[in-house]
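User: Let's go through some labels on this one. I'd like each call set against its cut-off.

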Amino acid sequence: MAIDPLHGPQITMDGLRLVGRVPSQLADRFTDYVLSRGLRKDVYVSQEGDPGADELGLQLRAQRPGGIFLTRPVFVAREWADGVGATSPGHIARAEWQVHA
């Protein structure tokens, strides 16, 4: 499931807003959140610079609506999580790859 950065809905994790944020302002806070939950081995940065956590099945991808990069969280099953940060389609719908750029 991918959340639109402009139209939401807004998703939060313990008060941390994930949708429609400037990626550079959210990346460190997201990483700190994941590490504070003891998921150190599961935090990664994709080849395109998007932070994610396999155990959560979540990657904070970026999209450029209206000329500014905003976060577009993508939630997947844990079994698919290791492929969500890849730079080519796998378990992620082709429509997501077209929207990402």
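Analyst: The side chains of Asp14 and Arg37 form a salt bridge, at 2.6 Å from N to O. Asp14 sits in the loop between strand E1 (12-13) and strand E2 (16-17) and Arg37 in the loop between H1 and E3, so the pair ties together parts 23 residues apart in sequence. Helices (H or I, at least four residues) and strands (E, at least two) are DSSP runs, numbered from the N terminus. Bear in mind that this is a predicted model: local features need pLDDT of at least 70, side-chain atom pairs count only at pLDDT 80 or more, and totals for chains, interfaces and linings use all residues. Residues are numbered from 1 along each chain as its sequence is written, and side-chain values use heavy atoms, with hydrogens and water left out.

User: What makes Asp14 and Arg37 a salt bridge?

Analyst: The rule wants a side-chain nitrogen of Lys or Arg within 4 Å of a carboxyl oxygen of Asp or Glu. Asp14 and Arg37 have 2.6 Å, N to O, so the pair passes by that rule. The count by this rule comes to one salt bridge.

User: Why is Asp14 called exposed, and what is Arg37 called?

Analyst: Buried means under 20% relative accessible area, exposed over 50%, and partly exposed in between (1.4 Å probe, protein chains only). Asp14 has 60%, so exposed; Arg37 has 42%, so partly exposed.

User: How do you know whether Gln63 is buried or exposed?

Analyst: Its relative accessible area is 13%, so Gln63 is buried. Gln63 lies in strand E5, and its side chain makes a polar contact with the side chain of Arg72 at 2.8 Å. That term takes a pair of N or O atoms within 3.5 Å; within protein, one must be able to donate a hydrogen and the other to accept it, and residues adjacent in sequence count only if both atoms are side-chain atoms.

User: What makes the largest nonpolar core a core?

Analyst: A nonpolar core is a set of buried Ala, Val, Leu, Ile, Met, Phe, Trp, Tyr and Cys residues joined through side-chain atoms within 4.5 Å. The largest has eleven residues, among them Met13, Leu16, Phe30 and Leu60. Helix H1 (23-36) and strand E5 (58-63) each supply at least two of its residues, and the largest share, four residues, comes from H1.

User: Which strands make up the open sheet?

Analyst: The order is E3-E4-E5-E6, with antiparallel pairing. Two strands pair if DSSP finds at least two bridges between them. E3 and strand E4 (residues 51-53) have three bridges, antiparallel, so that pair qualifies.
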